[in-house]
Amino acid sequence: MKKFFSLLVLLIFSIYSTFPIWHIFNVSLRSDNSFQNDSLHFWPDSLSWKNYEIVFTKTLFPTWLFNSVMISVMVTILGLILSITAAYALSRFSVQGKKGILTFLLATQMFPATMLLLPFYILLSQFHLLNNFWGLLIIYSSSALPFCVWQLKSYFDTLPFEIEDAARVDGCNRWQVLWKIVLPISKPAIAITALFQLTTAWSEYAMASVVLQDPQMQTLPLGLKSFQSSLATEWGLYAAAAVIVSLPATLAFILLSRYLISGLTLGSVKG
Amino acid sequence: MANVEFQSISKTFDQQNILKSVDLKIKSGEFLVLVGPSGCGKSTLLRLLAGLEQPTSGEILIDGRNVKGVQPKDRGLAMVFQSYALYPHLTVKENLGFALTLNKTPAHEMEKKIQEVAEILRLTKLLSRKPGQLSGGQRQRVALGRSLVKNPKIILFDEPLSNLDAALRSRMRYEIKKIHQKTKSTMIYVTHDQTEATTLGDRIAILNSGKIIQLGTAQEIFNKPVNKFVAGFVGSPEMNILPAEFLGHKNIDFGIRPDDIQIGDGTAQASFELEEYMGSHYMIYARFQGQLLRITRSQSVSKKTGDLIPLNFNMAKAHFFDRVSELRTNS
């Protein structure tokens, strides 16, 4: 009986959380442009992939997709390089003022992102980085960095020193210790960090809308918004694009879920 | 094989003097055991030799060459750690071959060496397993194998058997001793277990508070401890130490090992407290001159608590220590 109720609760929550996804998928497959009318059934009356076709052929969607993929991948790679090296140094070396650095990193997370829009805009403008992918890359990487450094440092702290000592005696230099030993055994933490950076860059809207004004340079969240207008919204196209946008993040979660689960529990087990 | 020399080695951590001007020479091919209580600096001495830490002052010579600034990998040594320190993401085979991969040993030679070591340590059937799939004893054998595969001149052991149960420790002691006989490598072994120290070491160095208190063979240390600390630290069960006033000495402590007291035919009277059956012998606890004495005996004394038992101390094996300096006073 208890199991039945558990399953029932899980089922209700699953429907509750997946219904909007189904709904948007449903809208994307309709040939008309309706979103909130009475004819909207659970199953679409007729299946049509037309919206997907239009999104790819008659809009700037492929360009936005390319921009988003490029920026997200670059942010993830750059962010991982910076956060891994910083976290490892803070975990393993006696850096002067280490406690202060860590507290400062944490303090930067207290400010809401919107508060930083103006200062970032002014800075980018002074460095002529507006309407430039590098500008967005720098902002995304730097704003995700404190959280990622903290997360990775906490994980590195749990790894026994002796494994690294053994590797040094076996013939590794410091870089080889990091590359051949620490990184392979830190896969769960790195996967979480990568996912965090990837999804943050993939779905960010506010900062991108300030930095990127040229439609050719826009990312997917900005592109999606452009389907909406004050007079009419292309709900079919919007829904089709939204479905496509959500696919890479979903895929990344599925691929990394194995690491996510072990990453969330590993810290509690010593050695 | 290589000889090692520590010259006036000091090490300070956070203003604490862990090692205080340690001088020590280890001969080529020797098995030296560093033994002492927790925090005495024995592991630090090993880490300094490995190059994992740098001395605050003093010099370390390996085969006469000063190794200051020389990386751990270039010191020609291997190290076995207490926690095994195996690489969890690599198989046993990859763990064994890790150092060889780094120094770019040809594949066929690497394979041969791994097989050789795996055979010596009975690891052949475990080569494809990961460390997480091994028992404690198997993991320690892999750690030992990883150190042997490099053919190092010196092998360092940092309390390698502490995490194993008694039976396995005894077996591993035998294996380590056999390997020393076979490879003739210089071995330096850190432990706080005196059984390991006395069974393994050609010589033993007793450390306390960052200094070497005594250096000698197990017999020398057991029979002539230089001070009260060594007397109490080496030997199991522990030496009995009591004021020597009852023998007519002032400001002197009298030490006698539990084996060197006979029950039954002496003039000294002790009050029996209890006895423990230890398998091969009995451990008798009796109170003498207000102090608790430990006495080993092959048979039970069959007495009740409070009964008087006559004791005979084997004075030829007695130890005397100055009460103030704690140094040995008899030769």
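1. In this predicted model, strand S1 (residues 4–13) of chain B runs antiparallel to S2(B), and seven bridges join the two. Within this pairing, Phe6(B) has Leu24(B) of S2(B) standing opposite. Both strands belong to an open sheet of four strands, whose order is S2-S1-S4-S5 (chain B) and whose pairing is antiparallel. Strand S2 (16–26) and strand S5 (65–66) of chain B are the edge strands, each of which pairs on one side only.

2. A further open sheet, of six strands, is arranged in the order S6-S7-S8-S3-S9-S10 (chain B), and its pairing is mixed. The edges are taken by strand S6 (77–80) and strand S10 (211–216) of chain B; each has a single partner strand, so one side of each is left without a neighbour in the sheet. From one strand to the next, the twist averages 15°.

3. At one end of that order, strand S9 (residues 203–208) of chain B and S10(B) run antiparallel and are joined by five bridges. Ile204(B) has Gly216(B) as its bridge partner in S10(B). Helix H4 (residues 136–148) of chain B packs on the sheet, where it touches S6 and strand S7 (154–158) of chain B. The direction of H4(B) makes about 175° with that of S6(B).

4. How is chain B divided into domains? Domain 1 covers 4–230 and domain 2 covers 237–322. Taken over C-alpha atoms, the centres of domain 1 of chain B and domain 2 of chain B are separated by 38 Å.

5. The largest nonpolar core has 119 residues, and those that touch the most other members are Leu34(B), Leu49(B), Met79(B), Leu156(B), Ile188(B) and Ile206(B). From chain B, domain 1 (4–230) and domain 2 (237–322) each contribute at least three residues to the core. As a general point, nonpolar side chains tend to be buried together in soluble globular proteins.

6. Which residues does Ile206(B) touch, not counting residues up to four places away in sequence? They are Val35(B), Gly36(B), Ile212(B), Ile213(B), Gln214(B), Ile221(B), Val230(B) and Phe233(B).

7. Chain A has twelve helices and zero strands. Its pattern along the sequence is accordingly written α-α-α-α-α-α-α-α-α-α-α-α. Chain A has 271 residues, of which 29% count as buried. Of the contacts in chain A between residues at least 6 apart in sequence, 75% join residues at least 24 apart.

Key
Residues numbered from 1 in each chain as written. Chains lettered and ligands numbered in written order. Predicted model: local features only at pLDDT ≥ 70, side-chain atom pairs only at ≥ 80, totals over all residues. Buried ≥ 20, exposed ≤ 12 C-beta atoms within 10 Å, placed from the backbone. Contact = placed C-beta atoms within 7 Å. Core = buried A, V, L, I, M, F, W, Y, C linked by C-beta atoms within 7 Å. Domains from an automatic or database assignment. Pairing = 2+ DSSP bridges. Axes fitted to C-alpha atoms, helices over the stretch in contact; angles between N-to-C directions.
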